[in-house]
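Colleague: I would like to go through this model with you before I set up any calculations. Could we take it topic by topic?

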Amino acid sequence: MERIPILRMGPFLLVTIQVDLHDRLVVTFQDDLTEQISRTGARGVLIDISALDMVDSFMGRMIANIAGMSRILDAETVVVGMRPAVAITLVELGLALPGVRTALDVEKGMELLRASRGLRLGKEEDGDLED
Amino acid sequence: MTSKTDTLEVHSSTDIVLIRQAVRKWTAELGFSLVDQTKMITAASELARNALEYGGGGEVRFEQLEKSGRRGLRLTFEDHGPGIPDIEQALTDGFTTGQGMGLGLSGSRRLVNEFEIASTVGEGTRVTITRWK
């Protein structure tokens, strides 16, 4: 079955969405991600949507839901890489994604997660996730 | 004047993906800007999902238009579902009878140049959107 891969990066989870999202895939992804957060104790989730050429209200709601679910599981979500045309369209559609933190790219997203979690690069890093 | 037409079915969420890809192809051929392509694709995705979720499936007709030197794309979504009793209410931001955010109709109307909706309770709903280059 088709799945969206979830990678570990230190205390965070990294998700790069590269396939055209259909509705069933989105539901499976929500289940997988929340299960991973809970199992690994991840402190943050970075979702890279730079490969998506459109985001409609269904996907927007999915992104907002994931941010909400992660927050309840004590992990921050940052969405990165939204294309300018997608951002323009989303706002005209009426979906400004309140409550979802965003950054321009993966690097800036990581910085944001580290800062908000009070983690620093190098020795002081929180270390690996639990298995 | 209509220079090219096609019809696609809407019976599953995979069909919605195929419709989005087709709209991308048609709008790119017409020379739409990237932002205009994205708006039309997003509106089509919303309306296809409406036809699937509320209308129990249906079809979408693609028409490439030409009018006094301007070119455009018209999409007509038609389902034979329960219809919409109060169109005014259905066009309000945030109104939904389903699980969504209530942005499908109101939001897609903002993304296109022309928007028409006709619905008969017990017979179905037809939504027509047009975007000009």
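This is a predicted model: local features need pLDDT of at least 70, side-chain atom pairs count only at pLDDT 80 or more; totals for chains, interfaces and linings use all residues.

Colleague: What does the secondary structure of chain A come to?

Modeller: Chain A has four helices and five strands. Along the sequence they follow the pattern β-β-α-β-α-β-α-β-α.

Colleague: And how much of chain A is buried?

Modeller: Of the 131 residues in chain A, 48% are buried. As for contacts in chain A between residues at least 6 apart in sequence, 76% of them join residues at least 24 apart.

Colleague: Turning to the interface, how much area do chain B and chain A bury between them?

Modeller: The two chains bury about 2,000 Å² between them, and 55% of that is on carbon and sulfur atoms. Chain B contributes 23 residues to the contact and chain A contributes 21 residues.

Colleague: How many salt bridges are there across the interface?

Modeller: The rule finds four salt bridges between chain B and chain A. One salt bridge joins the side chains of Arg24(B) and Asp53(A), with an N to O distance of 3.1 Å. The count of residue pairs in polar contact between the two chains is seven.

Colleague: Which helices of chain B supply at least two residues each to the side that touches chain A?

Modeller: They are α1 (13-29), α2 (34-53) and α4 (104-110) of chain B. The most comes from α2(B), with nine residues. By type, the side of chain B that touches chain A divides into eight nonpolar, nine polar and six charged residues.

Colleague: What is Leu75(B) in contact with, leaving aside its neighbours within four places in sequence?

Modeller: Leu75(B) is in contact with Val23(B), Met40(B), Ala44(B), Val60(B), Arg61(B), Phe62(B), Val127(B), Thr128(B) and Ile129(B).

Colleague: Let us follow up on Val127(B). Is Val127(B) buried or exposed?

Modeller: Val127(B) counts as buried because its relative accessible area is 6%, under the 20% limit. Val127(B) lies in strand β5 (residues 124-132) of chain B. Leaving aside neighbours within four places in sequence, its contacts include Leu47(B), Leu75(B), Phe77(B), Leu105(B) and Phe115(B).

Colleague: How far apart are Val127(B) and Ser13(B)?

Modeller: They are 114 residues apart in sequence and 19 Å apart in space, C-alpha to C-alpha.

Colleague: One last topic, the backbone. What is the phi of Asp74(A), and where does Asp74(A) lie?

Modeller: Asp74(A) has a positive phi of about 65 degrees, although it is not a glycine. Asp74(A) lies in the loop between α2 (57-72) and β4 (76-80) of chain A. Most residues other than glycine have a negative phi.

Colleague: What is the phi of Ser68(B)?

Modeller: Ser68(B), also a residue other than glycine, has a positive phi near 35 degrees. Ser68(B) is found in the loop between β2 (58-67) and β3 (70-79) of chain B.

Note on methods:
Residues are numbered from 1 along each chain as its sequence is written. Chains are lettered from A and ligands numbered from 1 in the order in which they are written. Side-chain values use heavy atoms; hydrogens and water are left out. Contact means heavy atoms within 4.5 Å. Buried area is the accessible area (1.4 Å probe) that two parts lose on being put together, summed over both. A polar contact is a pair of N or O atoms within 3.5 Å; within protein, one must be able to donate a hydrogen and the other to accept it, and residues adjacent in sequence count only if both atoms are side-chain atoms. Ala, Val, Leu, Ile, Met, Phe, Trp, Tyr, Cys and Pro count as nonpolar, Asp, Glu, Lys and Arg as charged, and the others, Gly among them, as polar. Buried means under 20% relative accessible area, exposed over 50%, partly exposed in between (1.4 Å probe, protein chains only).
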